Amino acid sequence: MMSRLLSLRDSREATARTARRSAWWQRALPRGQSLVTAIPYGWLLLFFLVPFLFVLQISFSDVEIASPPYRALLSRAEDVVSLVLNFGNYRYIFGDPLYFDAYLSSLYMAGVTTLICLVVGYPIAYTIARAPEAKRNTLLMLVMLPFWTSFLVRVYAWMGILDNEGLLNQALLSLGLIGEPLQLMHTQLSVQIVMVYAYLPFMILPLFSNLVKLDGRLLEASADLGCRPWQTFLRVTLPLSKNGVIAGSMLVFIPAVGEFVIPELVGTPESLMIGKVLWMEFFDNNNWPMAASVTIVMVALLIAPIVYLHKREEKALARAAQR
Amino acid sequence: MAESSLHQAAKTAGAKSYLQIVDVVKKFGDNTVVDHINLSIAKNDIFALLGSSGCGKSTLLRMLAGMETPTSGKIILDGEDITALAPYERPINMMFQSYALFPHMTVAQNIAFGLKQDRLSRSDIAERVERMLELVQMKKYAHRKPYQLSGGQQQRVALARSLAKRPKLLLLDEPLGALDKKLRQQTQLELVNMIEQVGVTCIMVTHDQEEAMTMAGRIGIMSEGQLLQVATPGEIYEHPNCRFTAEFIGETNLFGGHVVEDEPDHVCIHSTELPRPVRVGHGITGTMGMPVWLSLRPERVGVSRRQPVASGNWAAGTVGDIAYLGGFSIFHVRLDSGKVVKASVPATHWREEAAPTWNEPVFVSWTDNDAVVLTQ
């Protein structure tokens with residue numbers, strides 16, 4: 001008995017030794033792998049998390065006439081290191097309806113933009129995905145073509161179209177459809193039009209890459225089982241493209257909330273969006289802590305639904321696995 | 001009078017054949033994929049379209065399902081012309097080649113998919129789904145998603161889904177093509193049992209002759225868009241009507257030759273590859289001297305060391321290759337003409353003596369009823 005145990009231990013040690021001896025290069029391999037995966041993590045850490053922490057820190061600070069124009073959180077007097085956190089910025093944001101309105105109108109504009117982009121972008125993405133392969137690349141190129149010109153130039157082009165003496169009004173006037181020019185520029189409508197225009201490709205591309213993977217046989221199976229084309233769309237195509245819809249909506253919604261340039265150039269001065277508030281706090285008031293707080297609240301507003309969706313997805317997956 | 005008797009004839013034909021495919025042609029551009037196919041199938045028949053890939057069998061199936069429209073011709077099901085109907089209007093359901101189960105739905109939801117379209121009440125749907133799950137023995141897995149199932153389980157869900165609507169015609173596209181070989185053989189008869197239990201007319205498409213012969217009551221051999229022969233598996237194997245069928249189904253030895261004696265009850269064929277004329281114990285529709293092919297199945301060829309006493313139907317040669325397959329061996333015997341004849345000999349044949357070995361001189365022989373004359 002004893003000897004058997006002993007020999008067992010011996011053999012175990014022997015295998016461990018051979019493993020140690022032979023596997024140095026094998027063990028180097030996973031290390032190389034983790035090195036490769038470390039690059040994107042390092043990137044995110046350096047260019048996202050660290051700046052974010054800076055912003056977070058500034059948001060708990062006060063304005064000070066200095067360079068940079070805010071008080072450091074940690075201060076040392078003699079042997080005492082004191083950490084002073086100022087929650088006043090946040091209290092101010094939640095207290096002043098100006099900020100609330102700005103957030104609300106930003107979320108509203110971004111939401112409407114996302115919805116319109118989805119309704120307009122889905123058929124476009126679907127058509128491209130179902131087009132013959134040779135045509136597909138050309139169509140995708142057309143979607144991406146505007147990116148080759150500067151964003152600002154494109155917004156200026158829209159100003160040329162929507163202006164009182166712009167192309168659209170002139171065309172409508174010469175057709176006799178209207179008697180006097182429509183006020184299009186500097187309205188909510190013009191902001192909406194240009195935002196949809198600017199963000200549409202970000203909706204189309206993820207939707208396309210999802211829809212192009214859709215198995216045509218599933219559509220045939222649906223027809224075979226009695227679905228008319230529109231029923232097939234509602235029961236098969238749309239549910240299966242859910243991830244593309246979510247990805248596209250996020251890609252449009254998130255940057256649209258913080259959009260600054262478009263409302264500034266084609267919007268009304270009265271409607272305040274959060275991007276504009278941020279700009280004013282930062283450049284006009286030179287109030288970095290306030291600007292930082294506005295940013296942090298915005299990020300929180302955007303991250304909360306994403307985290308919620310993610311958690312729900314995880315739960316659904318766990319449920320499916322349990323069955 | 002003549003007209004009414006014609007009408008009568010059409011009616012009786014209609015009663016016998018549940019599905020009629022009338023002169024159907026399908027062209028893609030200049031390419032004729034399905035070439036004037038005529039076929040009628042009786043109710044509750046299981047019919048297999050057998051052919052190699054690109055022979056047009058899948059296109060024909062897709063025309064039945066409504067996913068392709070015939071260039072010309074008609075498809076009549078249960079007395080109704082369905083040629084122009086859209087897939088969703090046809091009382092036909094299909095089990096797709098790789099099943100095409102909806103990945104976002106559970107097994108039960110997949111089966112209920114078509115029933116919801118029929119606007120059945122919720123309780124009716126639940127009951128029908130339950131029965132289908134029972135039929136394919138998948139009750140335990142009702143709430144799983146397709147990706148959580150094995151290939152065989154997916155196949156059964158696909159069958160349940162296509163049977164749930166009680167179609168007049170069930171189409172199976174390579175029903176077992178996605179399964180591995182062992183599972184395939186086991187599933188063949190299981191599938192037939194389920195189909196017969198429901199009692200549905202069924203057309204399957206396959207390139208696997210074993211699958212077709214095991215499952216189908218009748219088989220249609222297709223090649224280059226044409227139906228070459230339609231018959232029971234036994235008839236097709238024993239009495240192929242052309243060279244293609246003889247070679248496509250099972251193994252065979254083919255000899256080219258011409259008719260030297262043509263009697264009502266027998267013919268004699270002379271082939272340069274065989275030493276003496278072959279006597280075949282059935283008449284043919286042909287003329288003296290016409291070129292024909294002789295098909296001789298390997299299991300019909302005997303191998304012996306002793307010279308046969310009969311005057312014909314044998315040849316001398318030497319053993320080339322031997323493929324030992326356990327229960328039987330296949331001897332490749334090289335005749336004096338240079339032609340290699342394959343003979344499949346059961347192991348039990350060699351009880352008295354040892355089996356011939358490589359390079360041993362042997363005789364191959366067969367009887368009057370073993371060879372089949374092919375005129376096409």
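This is a predicted model: local features need pLDDT of at least 70, side-chain atom pairs count only at pLDDT 80 or more; totals for chains, interfaces and linings use all residues.
The secondary structure of chain B comes to nine helices and 20 strands. Along the principal axes, the C-alpha atoms of chain B fill a box of roughly 75 × 60 × 35 Å. Chain B has 376 residues, and 39% of them count as buried. Among contacts in chain B with a separation of 6 or more, 64% are between residues 24 or more positions apart. Two domains divide chain B: domain 1 takes in residues 17-240, and domain 2 takes in residues 251-374. Taken over C-alpha atoms, the centres of these two domains of chain B are separated by 40 Å.

In an unreviewed entry, the annotation "domain: ABC transporter" covers residues 19-249 of chain B. In the model, that span is 36% helix and 27% strand, and its end C-alpha atoms lie 26 Å apart.

Further along chain B there is an open sheet of five strands. Its strands follow the order 15-19-16-17-18, with antiparallel pairing. In general, the strands of a sheet pair through backbone hydrogen bonds, and the pairing can be parallel or antiparallel. Strand 15 (302-304) and strand 18 (340-346) of chain B stand at the edges; each has a single partner strand, so one side of each is left without a neighbour in the sheet. From one strand to the next, the twist averages 45 degrees. Inside this sheet, strand 16 (residues 314-324) and strand 19 (residues 361-365) of chain B run antiparallel and are joined by five bridges. One pair to look for is B:Trp314, which stands opposite B:Ser365 in strand 19 of chain B.

The loop between strand 15 and strand 16 of chain B holds B:Asn313. This residue, which is not a glycine, has a positive phi near 55 degrees. As a rule, most residues other than glycine have a negative phi, and most peptide bonds are trans. B:Asn313 has 20 other C-beta atoms within 10 Å, so it counts as buried.

According to an unreviewed UniProt entry, the annotation "domain: ABC transmembrane type-1" covers residues 103-309 of chain A. This span is 77% helix and 0% strand in the model, with its end C-alpha atoms 21 Å apart. UniProt, again in an unreviewed entry, also lists residues 41-60, 107-126, 138-159, 189-208, 244-262 and 288-309 of chain A under "transmembrane region". Residues 107-126 of chain A are 100% helix and 0% strand, and the end C-alpha atoms are 27 Å apart. Residues 138-159 of chain A are 73% helix and 0% strand, and here the end C-alpha atoms lie 28 Å apart.

Chain A has strands as well. Strand 1 and strand 2 (residues 80-83) of chain A run antiparallel and are joined by four bridges. Within this pairing, A:Ala77 has A:Val80 in strand 2 as its bridge partner. The two strands form a hairpin with two residues between them, and in this hairpin A:Glu78 takes a positive phi near 55 degrees.

Two loops of chain A also deserve a look at the backbone. In the loop between helix 2 (24-59) and strand 1 (74-77) of chain A lies A:Pro68. The peptide bond that leads from A:Ser67 to A:Pro68 is cis, with omega near -5 degrees. Another loop, between helix 7 (167-174) and helix 8 (188-211) of chain A, contains A:His186. A:His186 is not a glycine, yet its phi is positive, at about 55 degrees. A:His186 counts as buried because it has 20 C-beta neighbours inside 10 Å.

Finally, the two chains meet. At their interface, 16 residues of chain A are in contact with 18 residues of chain B. On the side of chain A that touches chain B, the elements giving two or more residues are helix 9 (216-224) and helix 10 (229-240) of chain A. Helix 9 of chain A provides the largest share of that side, with six residues. By class, the side of chain A that touches chain B has nine nonpolar, one polar and six charged residues.

Conventions: Residues are numbered from 1 along each chain as its sequence is written. Chains are lettered from A and ligands numbered from 1 in the order in which they are written. Domain bounds come from an automatic or database domain assignment. Two residues are in contact if their C-beta atoms, placed from the backbone, lie within 7 Å. Ala, Val, Leu, Ile, Met, Phe, Trp, Tyr, Cys and Pro count as nonpolar, Asp, Glu, Lys and Arg as charged, and the others, Gly among them, as polar. Two strands pair if DSSP finds at least two bridges between them. Axes are lines fitted to C-alpha atoms, for helices over the stretch in contact, and angles run from 0 to 180 degrees between N-to-C directions. A residue is buried if 20 or more other C-beta atoms lie within 10 Å of its own, exposed if 12 or fewer, and partly exposed in between; C-beta atoms are placed from the backbone. UniProt positions are given in the numbering used here, feature names are shortened, and annotations may be inferred rather than shown by experiment.
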